[in-house]
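Open the model in your viewer and keep the sequence panel beside it. The stops below say what to select and what is there.

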Amino acid sequence: MVGTGTVAATAVTSQATARSTQEFEETVEQEIHDRINGIRTERGLPSLGHGDNLERVAEYHSQDMIDRDYFAHTAPDGETVGDRYHKYDISCQAWGENILYNYASDESPTKAAERSVEQWMQSDGHRQNILSEKWAIEGIGVQVGPDGRLYVTQNFGARCQ
């Protein structure tokens with residue numbers, strides 16, 4: 001009986017941790033989206049809409065980098081950003097992607113988002129994507145790895161169907 005109670009308690013704790021992690025990830029995604037739009041509007045650029053389909057692609061890529069232990073726009077099997085858009089039946093006239101990882105998962109969602117956006121803004125290529133006038137929508141995918149790394153993928157789209 002004691003063993004059964006321990007297993008049940010462990011299962012409940014694991015479910016609570018998973019729920020807590022998911023809430024953290026979703027909050028960071030929203031905070032990043034809001035920060036990106038704040039930066040864009042400060043510079044006279046239009047805000048980016050939120051694309052649920054682009055978010056699914058971004059979450060998939062962040063989780064795939066964790067699961068297969070790599071950090072790149074191209075997966076070890078050769079899957080590219082374009083392949084991922086196609087996999088999710090997304091057709092855009094233009095698309096782009098930013099990725100990052102850091103160890104901000106032990107911070108508040110607000111601080112994790114702030115650090116992530118600052119990391120991108122300090123990189124010329126990532127900053128150019130964020131400030132590009134061609135994008136209309138974005139999707140953010142945040143996943144926390146077992147080692148505590150925070151993986152973030154930002155997918156952009158213009159005239160998507």
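Predicted model: local features only at pLDDT ≥ 70, side-chain atom pairs only at ≥ 80, totals over all residues.

Residues are numbered from 1 along each chain as its sequence is written, and side-chain values use heavy atoms, with hydrogens and water left out.

**Stop 1: the sheet**

Helices (H or I, at least four residues) and strands (E, at least two) are DSSP runs, numbered from the N terminus. Select the open sheet of 4 strands, whose order is 1-3-4-2 with mixed pairing. Its edge strands, each pairing on one side only, are strand 1 (49-50) and strand 2 (92-102). Two strands pair if DSSP finds at least two bridges between them.

Now select strand 3 (residues 137-144) and strand 4 (residues 150-160), which run antiparallel and are joined by 8 bridges. Within this pair, Val142 has Val152 as its bridge partner, and Gln143 stands opposite Tyr151. The two strands form a hairpin with 5 residues between them, and Gly148 in the turn has a positive phi of about 90°.

On the parallel side, 2 bridges join strand 1 to strand 3; Gly49 is partnered there with Ile137.

**Stop 2**

Select Glu29 in helix 1 (residues 2-42). A contact means heavy atoms within 4.5 Å. Not counting residues up to four places away in sequence, Glu29 touches Glu55, Glu59, Ile140, Gly141 and Val142. Glu29 is buried yet has no salt bridge, and the nearest side chain of opposite charge, Arg56, is 11 Å away. For charge, Lys and Arg count as positive and Asp and Glu as negative; His and the chain ends are not counted. A salt bridge is a side-chain nitrogen of Lys or Arg within 4 Å of a carboxyl oxygen of Asp or Glu.

In helix 2, the buried residues include Leu54, Glu55, Val57 and His61. Just after helix 2, Asp69 takes a positive phi of about 55°.

**Stop 2: His73**

Move on to His73, in the loop between helix 2 (52-67) and helix 3 (81-87). His73 is partly exposed, at 31% relative accessible area. Among the residues that His73 touches are His61, Arg84 and Ile99. The side chains of His73 and Glu97 are joined by a polar contact of 2.7 Å; such a contact is a pair of N or O atoms within 3.5 Å, where within protein one must be able to donate a hydrogen and the other to accept it, and residues adjacent in sequence count only if both atoms are side-chain atoms. His73 and Glu97 are 24 residues apart in sequence and 7.7 Å apart C-alpha to C-alpha.

**Stop 3: salt bridges**

The whole structure holds 10 salt bridges. Select these in turn:

- Glu79, Arg84, Lys87 and Glu97 are linked in a network of salt bridges.
- Asp77 and Arg68 meet at 3.5 Å, N to O; Asp77 is exposed at 54%.
- Arg115 and Glu107 have their closest N and O atoms 2.1 Å apart.
- Glu114 and Lys111 meet at 3.3 Å, N to O; both lie in helix 4 (residues 109-121), 3 residues apart.

Technical notes
Buried < 20%, exposed > 50% of the residue type's maximum accessible area, 1.4 Å probe, protein only.
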